Amino acid sequence: MRDLEGRESIAGTLEIGLPIFRRSFELQALRADADAAHAELAEAERVASIENDHARTRISSARTNLALAVNGVHNAQTEREITQRSHSNGEASLADLTDARVIEAEAQALCATRRREVADAIARLESRAFKTEAGEQSRDRLQALSQELSQELSQELSQEQTQEQTQPQTESSSGAAQ
């Protein structure tokens, strides 16, 4: 090839194929998917943490209610005993004694209900702990996959960049050799 002054010159061309750009878009889409998965994971961890806190609060509240119910049973037993002695001494009627026994039975029923609530709250927390443990294993697998994906993306991007850098150098050096 000759230039305008009649000297011989060498022309080089740079070809950038569309598959590289397409691959770049695929990599960006994969990175966006990985970022979305990380955001979903962070949100799930936040919600799980809040739910765990609520479960612990339910246990604490149920235990407090149980302690109050046990105290109520002791008070009702004491009241029944006093009413029973009063009835024996003729100071209280049979109706008073029956009422005291009913109040004691109600207090015992409430105490049993509170014990069941404590057991339910503990069972819920334990099941959450099991779910959390399974979730942590899933999170660990997701993080490992995400790290592998990030490494692969970084390697592919660096390979593309080195290919882009080497192509012009190769073409210019082949042009200089001619």
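Visitor: Which side chains do Glu104 and Arg80 use, or rather, what do the side chains of Glu104 and Arg80 meet in?

Guide: Start with the general idea: side chains of opposite charge can pair when their charged atoms come close. Here, in this predicted model, the side chains of Glu104 and Arg80 form a salt bridge, at 2.4 Å from N to O. Glu104 lies in helix α2 and Arg80 in helix α1, so the pair ties together parts that are 24 residues apart in sequence.

Visitor: Are Glu104 and Arg80 buried or exposed?

Guide: The cut-off to keep in mind is that buried means under 20% relative accessible area. Glu104 is buried because its value is 9%. Arg80 has a relative accessible area of 18%, so Arg80 is buried too.

Visitor: And what does Glu104 touch, leaving out residues up to four places away in sequence?

Guide: With those sequence neighbours set aside, Glu104 touches Ala76, Gln77 and Arg80. The link with Arg80 can also be read as a polar contact between the two side chains, at 2.4 Å. As for its place in the fold, look for Glu104 in helix α2, which covers residues 94-177.

Visitor: How many salt bridges does the structure hold?

Guide: There are 5 salt bridges in the structure. Let's look at a couple of others. One of them joins the side chains of Glu43 and Arg46, with 2.7 Å from N to O.

Visitor: Where do Glu43 and Arg46 lie?

Guide: Both sit in helix α1, which covers residues 18-88. Glu43 and Arg46 are 3 residues apart, about one turn of the helix. Glu43 comes out at 39% relative accessibility, so Glu43 counts as partly exposed. Arg46, at 45%, counts as partly exposed as well.

Visitor: Can we step back to the whole chain? How many helices and strands does the chain have?

Guide: Count 2 helices and 0 strands. To see how the chain meets itself, take contacts between residues at least 6 apart in sequence: 76% of these join residues at least 24 apart.

Visitor: What percentage of the residues count as buried, and what does the accessible surface come to?

Guide: The chain has 178 residues, and 16% of them count as buried. Its accessible surface is about 13100 Å². Carbon and sulfur atoms account for 53% of that surface. Now you can go back to Glu104 and place its 9% relative accessibility, which is why Glu104 counts as buried.

Methods
Residues are numbered from 1 along each chain as its sequence is written. This is a predicted model: local features need pLDDT of at least 70, side-chain atom pairs count only at pLDDT 80 or more; totals for chains, interfaces and linings use all residues. Side-chain values use heavy atoms; hydrogens and water are left out. Helices (H or I, at least four residues) and strands (E, at least two) are DSSP runs, numbered from the N terminus. Buried means under 20% relative accessible area, exposed over 50%, partly exposed in between (1.4 Å probe, protein chains only). Contact means heavy atoms within 4.5 Å. Accessible areas come from the Shrake-Rupley method with a 1.4 Å probe; for residues, only the protein chains shown count as cover. A polar contact is a pair of N or O atoms within 3.5 Å; within protein, one must be able to donate a hydrogen and the other to accept it, and residues adjacent in sequence count only if both atoms are side-chain atoms. A salt bridge is a side-chain nitrogen of Lys or Arg within 4 Å of a carboxyl oxygen of Asp or Glu.
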